[in-house]
Amino acid sequence: MYQSVLGLTLPSFEASESFSTVGPGLEGRIGEGGHRIVYQYGNLAIKVNKPEVVARVRSHKVVLPSWVYSLYRNGFRDFNSAELYNYRSIQALLPDELSDLFMQVYGLAENNGTTISICELLCDYDSKVSKNLQDNGSVLDPKFWERFNQLEQFFILNRIPFFDLKPRNIVVKRVTESTNIPVISDYDQLGHYPYAMQLNFLPDSILRKRINIRFASIIDKYKVKTPSEISQAHSPLQNP
Ligand SMILES: Nc1ncnc2c1ncn2[C@@H]1O[C@H](COP(=O)(O)OP(=O)(O)O)[C@@H](O)[C@H]1O
Ligand SMILES: [Mg+2]
């Protein structure tokens, strides 16, 4: 039986055996990142830590036990605990009008000595599981990019260096046939916690620049530009 930990009340979540037995019976695997495998379970997304992860040490790739790498990167023995910690600290800062841009993390459950993370399942208006930005590809909807800018301002204002801002950690949620919003779907390496000692001492201008570079690279790759944006980009006045 799953037990809630960290004093969280979990949504109704029944499982009578260990996750390894129940796992394949879940409604399918909906995603995989470097650290976790994600399953659908009703209207929940369940994230399971991988036992081993590939880490980069200098320019070498090494396979490490997941808990070793998580402890080194996050100060937590597993990615799901780091995610919950980071999510809660973000939630405490989050204005209501941005709450739809962040996947909800309901809590952790225990599974054979490690944790599983129980999250909101990100779905489109037609109930299909939403795709991440990398699988979705370029986005035209200008509203999506307006909301993306709001995300950037939030991270800058709150001095949150988003180390893991990459297209596979942003979900494109189709709220209507023609409208999309970006939703952050991975917090395991996001927040004040990682590298806090380094970045808390940085002046605002440098921190802003670092966050801006990360957002700009996503915009550059995935935003479908309007003709006027294309001509502006090529205007000599813009690049004196
Ligand atoms: N709540 C969710 N709803 C739907 N899909 C999700 C959800 N969370 C993650 N995913 C999918 O699973 C993939 C891997 O999840 P992620 O949390 O980024 O794992 P990791 O921590 O290993 O990087 C994501 O790229 C995304 O496509
Ligand atoms: Mg990820």
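This note goes through a predicted model of one chain with a ligand, point by point.

1. Conventions. Residues are numbered from 1 along each chain as its sequence is written, and chains are lettered from A and ligands numbered from 1 in the order in which they are written. Since this is a predicted model, local features need pLDDT of at least 70 and side-chain atom pairs count only at pLDDT 80 or more, while totals for chains, interfaces and linings use all residues.

2. Confidence. The mean pLDDT of the chain (pLDDT being the predictor's confidence in each residue, from 0 to 100) is 81, and 80% of the residues reach 70 or more. Confidence is highest in strand β9 (residues 170-174), at a mean of 98, and lowest in helix α1 (residues 19-22), at 40. Over residues 1-25 the pLDDT is below 50, although this stretch has 35 contacts in the model beyond near neighbours in sequence; two residues are in contact if their C-beta atoms, placed from the backbone, lie within 7 Å. Where pLDDT is low, the predicted coordinates should not be read in detail.

3. Overall make-up. The chain has eight helices and 10 strands, where helices (H or I, at least four residues) and strands (E, at least two) are DSSP runs numbered from the N terminus. Of the 240 residues in the chain, 29% are buried; a residue is buried if 20 or more other C-beta atoms lie within 10 Å of its own, exposed if 12 or fewer, and partly exposed in between, with C-beta atoms placed from the backbone. Among contacts between residues at least 6 apart in sequence, 61% join residues at least 24 apart.

4. The ligand shell. There are 25 residues around ligand 1, and Gly31, Gly33, His35, Ala45 and Asp186 come nearest; a residue is near a molecule or strand if its C-beta atom, placed from the backbone, lies within 6 Å of it. Strands β1 (29-32), β2 (36-41), β3 (44-49) and β7 (114-120) each supply at least two residues of this shell, and β1 gives the largest share, three residues. By residue type the shell divides into 10 nonpolar, eight polar and seven charged, with Ala, Val, Leu, Ile, Met, Phe, Trp, Tyr, Cys and Pro counted as nonpolar, Asp, Glu, Lys and Arg as charged, and the others, Gly among them, as polar.

5. Helix α5. This helix (residues 142-157) has 16 residues and reaches 23 Å from its first C-alpha to its last, close to the 22 Å expected at 1.5 Å a residue; the expected span is 1.5 Å times one less than the number of residues. Phe144, Phe148, Leu151, Phe154 and Phe155 are buried in α5. Seen down the axis of α5, these buried residues fall within an arc of 115°, so they line one face of the helix; the arc is that of the directions from the helix axis to the C-beta atoms. The buried residues pack against β10 (180-184) and α7 (204-222), whereas the face turned away from the buried side carries the exposed residues Pro142, Glu146, Asn149, Gln153 and Leu157.

6. Val68 is found in helix α2 (residues 66-74) and is partly exposed, with 13 other C-beta atoms within 10 Å; its C-alpha atom is separated by 8.4 Å from that of Asp78, 10 residues apart along the chain. Thr114, found in strand β7, is likewise partly exposed, with 18 other C-beta atoms within 10 Å. Leaving aside neighbours within four places in sequence, Thr114 is in contact with Asn49 and Asp78, and Thr114 and Trp67, 47 residues apart in sequence, are 9.3 Å apart, C-alpha to C-alpha.

7. Positive phi values. Ser127, in the loop between β7 and β8 (131-132), has a phi near 70°, a positive value in a residue other than glycine, and with 8 C-beta neighbours inside 10 Å Ser127 counts as exposed. Arg159, which lies in the loop between α5 and β9, has a positive phi near 55° and is also a residue other than glycine; with 15 C-beta neighbours inside 10 Å, Arg159 counts as partly exposed.
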